[in-house]
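Let's work through some exercises together, one step at a time. Keep the structure open beside you as you read.

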Amino acid sequence: MATTKSFLILIFMILATTSSTFASLEEMVTVLSVDGGGIKGIIPGVILEFLEGELQEMDNNTDARLADYFDVIGGTSTGGLVTAMITTPNENNRPFAAANEIVPFYFEHGPHIFNSSGQPTPGPTYNGTYLLQVLQENFGETRLNETLTEVVISSFDIKTNKPVIFTKSSLTNSPQLNAKMYDISYSTAAAPTYFAPHYFVTNTSSGDQYEFNLVDGGVATVGDPALLSVSIATKHAEDQDPAFASIRSLNFKKMLLLSLGTGTTSDFDKTYTAEEAAKWGPLQWMVAIQPMTDAASAYMTDYYLSTVFQALDSQKNYLRVQENALTGTTTEMDDASVANMELLVQVGENLLKKPVSDDNPDETYEKVLIGFATMLSDRKKLRANKASY
């Protein structure tokens with residue numbers, strides 16, 4: 001009798017623990033972030049194709065899309081373009097692009113976007129007319145409020161000298177931010193010296209025109225928008241959004257964050273020496289300082305986030321996927337030759353096979369992403385079941 005009673009208590013404890021785990025999973029807030037980096041957006045494109053493919057297989061649904069699984073998707077520059085592609089609805093109210101269409105988009109349009117022939121000087125290196133035209137053709141008149149999940153796309157207004165963050169959640173208080181997705185996408189990608197700044201107007205709540213004069217969000221030092229995306233998720237919680245209630249007290253144990261980089265050369269720590277730089281003038285520093293600033297910004301964002309997640313004993317809830325050993329043409333933001341784009345695809349595919357850390361060589365990015373996909377799939381099913389009652 002005592003044995004039977006003990007067995008029943010054990011079963012009850014297992015069920016209670018399992019139920020608690022399921023409830024915890026259901027309450028998770030999920031965030032996806034994609035860095036800037038020009039044509040190097042091919043690298044996160046490869047990673048996203050793998051992740052979406054796993055989700056489709058797990059859920060036995062070829063129409064499954066990343067926007068179905070993430071509460072917040074953020075991006076800067078080329079990452080902002082990717083964000084728009086996977087969250088802007090088409091005529092069937094599904095994302096404009098599946099993840100396996102991201103890389104082909106770069107191959108089709110990259111050589112035309114980064115084509116300097118006939119471009120007058122002085123002025124930007126590339127004529128942005130082609131890029132804007134492609135965005136207009138694909139996104140049409142769709143506006144920010146129509147995106148399929150919360151988005152976070154950054155830019156910088158050179159007239160007001162302030163960052164501009166496009167999010168659906170900001171529209172109640174700032175209706176002027178409800179711009180067309182092609183304007184937002186071009187603006188976040190308008191990197192100084194590469195493309196001209198973008199001017200467009202929207203309307204305020206009183207019907208007055210509101211002017212934007214925007215350049216790449218990387219100018220606002222958000223080349224890696226992961227921390228910004230987490231901040232927007234946290235703001236949802238502060239605004240009493242029930243879907244974000246679990247992180248109201250900055251409980252990162254209830255957050256799943258996937259941050260995708262576009263590659264750096266940071267493993268090569270002697271790119272310059274102090275002796276070399278001591279001879280530089282202003283022009284040489286201008287050429288070198290921006291890549292340094294971009295790399296440092298991304299590194300510090302990763303440092304802040306990994307420290308917080310680890311301090312809360314939830315380090316497995318945060319994954320930064322980044323290749324730190326780019327070489328040759330793959331380091332260039334604007335080399336859209338077919339040969340280089342194929343190399344970037346190879347970088348992404350090789351990255352999937354690499355270990356996340358030297359401490360555990362068997363734990364590859366591919367394996368960890370499969371674990372993320374499992375949690376994303378299970379959470380989606382749990383929420384769907386709850387909604388059906």
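**Exercise 1.** In which loop does Thr327 lie?

*Solution.* Before starting, note that this is a predicted model, in which local features need pLDDT of at least 70 and side-chain atom pairs count only at pLDDT 80 or more, while totals for chains, interfaces and linings use all residues. Residues are numbered from 1 along each chain as its sequence is written, and side-chain values use heavy atoms, with hydrogens and water left out.

Step 1: Helices (H or I, at least four residues) and strands (E, at least two) are DSSP runs, numbered from the N terminus. Step 2: Thr327 sits in the loop between E8 and H10. Step 3: Its relative accessible area is 48%, so Thr327 is partly exposed; buried means under 20%, exposed over 50%, and partly exposed in between (1.4 Å probe, protein chains only). Step 4: Look across to Gly263, 64 residues apart from Thr327 along the chain: their C-alpha atoms are separated by 9.8 Å.

**Exercise 2.** Is Thr301 buried or exposed, and which residues does Thr301 touch?

*Solution.* Step 1: Find Thr301 in helix H9 (residues 282-311). Step 2: Thr301 is buried, because its relative accessible area is 8%. Step 3: Leaving out residues up to four places away in sequence, Thr301 touches Asp224, Ala226 and Leu227, where contact means heavy atoms within 4.5 Å.

**Exercise 3.** Describe the salt bridge between Glu141 and Lys180.

*Solution.* Step 1: Recall the idea: side chains of opposite charge can pair when their charged atoms come close. Here a salt bridge is a side-chain nitrogen of Lys or Arg within 4 Å of a carboxyl oxygen of Asp or Glu. Step 2: The closest N and O atoms of Glu141 and Lys180 are 2.7 Å apart. Step 3: This pair links distant parts of the chain, 39 residues apart: Glu141 is in the loop between helix H5 (129-139) and strand E3 (150-157), and Lys180 is in the loop between strand E4 (162-167) and helix H6 (181-189). Step 4: Glu141 counts as exposed at 52% relative accessibility, whereas Lys180, at 18%, counts as buried.

**Exercise 4.** Which parts of the chain does the pair of Lys354 and Glu323 tie together?

*Solution.* Step 1: The two side chains meet in a salt bridge of 2.7 Å, N to O. Step 2: Lys354 lies in the loop between helix H10 (338-353) and helix H11 (365-388), and Glu323 in the loop between strand E8 (318-321) and H10, so the pair joins parts 31 residues apart in sequence. Step 3: Lys354 is partly exposed at 33% relative accessibility, and Glu323 is buried at 7%.

**Exercise 5.** How many salt bridges does a search of the whole structure find?

*Solution.* Step 1: The search finds twelve. Step 2: For a network of salt bridges, look at Asp63, Arg65, Asp68 and Arg94, which are linked in one.

**Exercise 6.** How do the residues of the lining of the largest cavity divide into nonpolar, polar and charged?

*Solution.* Step 1: On a 1 Å grid over the protein atoms alone, a cavity is a set of points where a 1.4 Å probe fits but cannot get out, and lining residues have an atom within 4 Å of a point. Step 2: The largest cavity holds about 190 Å³ of space; grid points are joined across faces, edges and corners, and a volume is the space filled by probe spheres set on the points. Step 3: Its lining has twelve nonpolar residues, five polar and no charged. Ala, Val, Leu, Ile, Met, Phe, Trp, Tyr, Cys and Pro count as nonpolar, Asp, Glu, Lys and Arg as charged, and the others, Gly among them, as polar.

Conventions: 1 Å grid on protein atoms, 1.4 Å probe; cavity = no way out; pocket = protein on both sides within 12 Å on 5 of 7 lines; lining within 4 Å.
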